[in-house]
Amino acid sequence: MMLCAVLVVSVIAVLLDARFGPWPGLFGTSFVVTLAVLGLLMVAVIALVQISRPIPVEIAAAVADREAGLRDLLTSALWLRRQPVPSGWAEVVEQRAAAAVLVLDPRRIVPFAMPSATKFAAGLAVLLVAALWFSPRLVPAEPHAAMAADAATAVRELAAEAGRRGDAEAQARLEQIVDAIERPGSLSPDEQRRALADAQAAIERRNVEAAADWDKVRQVADALQGREGFESVTAALERHDVRAAAQALRDIAQARGAPSAAVPDDGVKAALQAAVESEQPAGNDAIDQFRRAAEGLEQLAERLDAQQRINQGGRSLAALAESGAREAMSDVGRFRPPKTAPNPAGNPAPDGSNIDGTMARLGALDEERQFVKGVGGRAGDTSGDGDSEPLLGDAAAKIDVKYKRETVELPGAESRHEEADAESMFYAASRRGESKVMATDVAPVFRRVDEESPGRERIALRHRPIVRNYFTQPREQGSK
Amino acid sequence: MSTIEVAQRIAQFQKNFHLVRDEVARVIVGNDDVIAGVMTCLLARGHVLLEGIPGVGKTKLVQTLADVLHLKFSRIQFTPDLMPGDIIGTSIVREDEGGRKYFEFQPGPIFANMVLADEVNRATPKTQSSLLEAMQENSVSAGKTTHPLEQPFFVLATMNPLEMEGTYPLPEAQLDRFFFKLKMGFPGVDALHEVLDRTTQSRDPHVERVLRQGEILEMRDTAREVPIARPVQDYAIRLTLATHPESEHGHELAKKYVRFGASPRGTQALILGAKVHALIADRAHVAIEDVKAVALPALRHRLLLNFEAEADRVDADAILTRILDQLPAG
């Protein structure tokens, strides 16, 4: 019974896990495994408590009578023994009871036999735990809240950088994204996914900038390669320790002391110039050149360190985005309740006026789009490109561009667009009727299949950040 | 009483019982449970009501039992014109040597150890009632004198369940006086062969007298001494209460079909019958199994069913069987 209850709880946990995504459990296991193990432990504890509980002698006698077929012999003997007046009959009963007890086999009376249903439930529970234990971990086992905090920190750092650059619009958008990460319920699921995608795009852009910084570091390293007196700098740069390289430059400047001795050759000058952040030359003073080059390297180091932190948050962000995508995938095929949206006031009614043989169908198309979004794309739109689950971008804006206008050939009426032959028209049938759309008016739209399909470089769009990270983060890759 | 004496009395009880049963079985084919039930009633100081269709051996069973037990036997054929005096006897005028007349009580057929009241439901209630005092008090009042009946006094009444025309059904109070109500069923093919072989040949089966009057009384005393534990007695009480529709322990079937449940006399019959059954099974104590074994004959005639039971053709045996199946032991 208890095992069946544990099994039921485990199945419910699996369903919850499938519906809401994997939850972290104890000891790095998933929530389901933790729940199942705790349930089995609970069963074991209850069983131990029941076994260790003392049984009254009357109940023991009744059980022995029933199981051993003694026909109330022990019960009667026990009761008669407690009577104040002994009798020969009571003694006979006691003697017979004692003789019966001597030949009793407790294992036969109370056999430790597990019912078949319990065996079945226990087997299923063990299989369930084993399957979940050995199943692949789709997400890291760190807490969801910690991932969100890491991601928010990274995006907040990006927002701060945007503020330092003076890009107020980007800063506002990134702060909005931080808010969306920290308070997941504040936005709709679609908006949440778009916010995460925007954050990932910002991190990718930041990675590109970091790649340029690494180029500078490589230039400095290349320029100082083989130069006498700069071995410590090149060694630090080879270790990708830019901060140590800057310190080595400072040490070199301090050690050389005199300006005459500190005059570098052309290669060193190029290296020092490459290390300087500003476009203006470092000046003629050698000490000043070393100092400014060291400052430039330190700034590079700071940016690269920041990039490392951002990348760490970026992984959490990717995990969050993947979790959201899985949740969206689990909804595919389900009929969501239609979300009724009011028809925009600027759009004409579907049965709008017929102007010069051309029917303005913007309102109808917009209403069709809302309907298609509501029912999950069952009906399809007039072009056949239903976007009931847009992943990125503003789908409504795309549709407005996509469906500028269309020309409908009224039955029996003479068309004024004779040039629109069959090859230049899109024909579609929807719940609202038939329509023909000029091919030139149908703009290509973003589709999920585009995201999934590999391009010429054979890398799917959603895998590109991973590949880019691999090549733009040499320190992390090298440290593994 | 020492344990050895107890063991001896149990052994003697069993031996005597099996002697009687085997001897009766030489005449009566089948119906072993009925024979055991009659013997149980006799040893528990009760009276038995035998119900069965004509010709199944009710009267023959009683006659055979009387022969085997070496008891005074009398048979009363109940008819509508039977008077109480025909049963208990009358005072007649006698004359002594001096010519003075006086009344002398002439005992009726009730003054026997075993009385067969054949087709008891054919007599009037007045005559039936004359049997009540004898069955309950083991004495007969005639005029101003009460005449005790010789022990063992054992009434076996038979009743035909088919012919109800011109009969006087026994009132509940009188039915309650019967310790057991036993049903004699129609014999099967093999038993019928045996009956024909025994009764259609030139020589009738003969039985021996195997038990004396004193031995029967001793067996009665032994049966009363069997101890019963409180949990077993509690089961008998709960079983009785389960037949009461108004009781909190009443079974759902009793609440639906029973108008009045079994009386305390029914519980007494359960316990005493269970004691005899325990001794027959070589037990020195009463088990719940013994109570269950005697529950049907002890209680079936003590349930007064309502109209719904009549309409649904539910009898007391069905109700009691269901209660016995569902009543927990502990």
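Modeller: Let's start at the hairpin of β6(B) and β7(B), where Gly143(B) has a positive phi near 65° and 2 residues lie between the strands. This is a predicted model, in which local features need pLDDT of at least 70 and side-chain atom pairs pLDDT 80 or more, while totals for chains, interfaces and linings use all residues. Residues are numbered from 1 along each chain as its sequence is written, chains are lettered from A and ligands numbered from 1 in the order written, and side-chain values use heavy atoms, without hydrogens and water.

Strands β6 (139-142) and β7 (145-148) of chain B pair in the antiparallel sense over 4 bridges. Pairing takes at least two DSSP bridges, and helices (H or I, at least four residues) and strands (E, at least two) are DSSP runs numbered from the N terminus.

Now on to where the chains meet. Chain A brings 15 residues and chain B 23 residues to the contact (heavy atoms within 4.5 Å). Together they bury about 1,600 Å², 68% of it on carbon and sulfur atoms; buried area is the accessible area (1.4 Å probe) that two parts lose on being put together, summed over both. Arg71(A), Trp79(A) and Trp89(A) supply 46% of what chain A buries against chain B.

There are 2 salt bridges between the chains (a Lys or Arg side-chain nitrogen within 4 Å of an Asp or Glu carboxyl oxygen). One of them joins Asp282(B) to Arg96(A), with the closest N and O atoms 3.6 Å apart.
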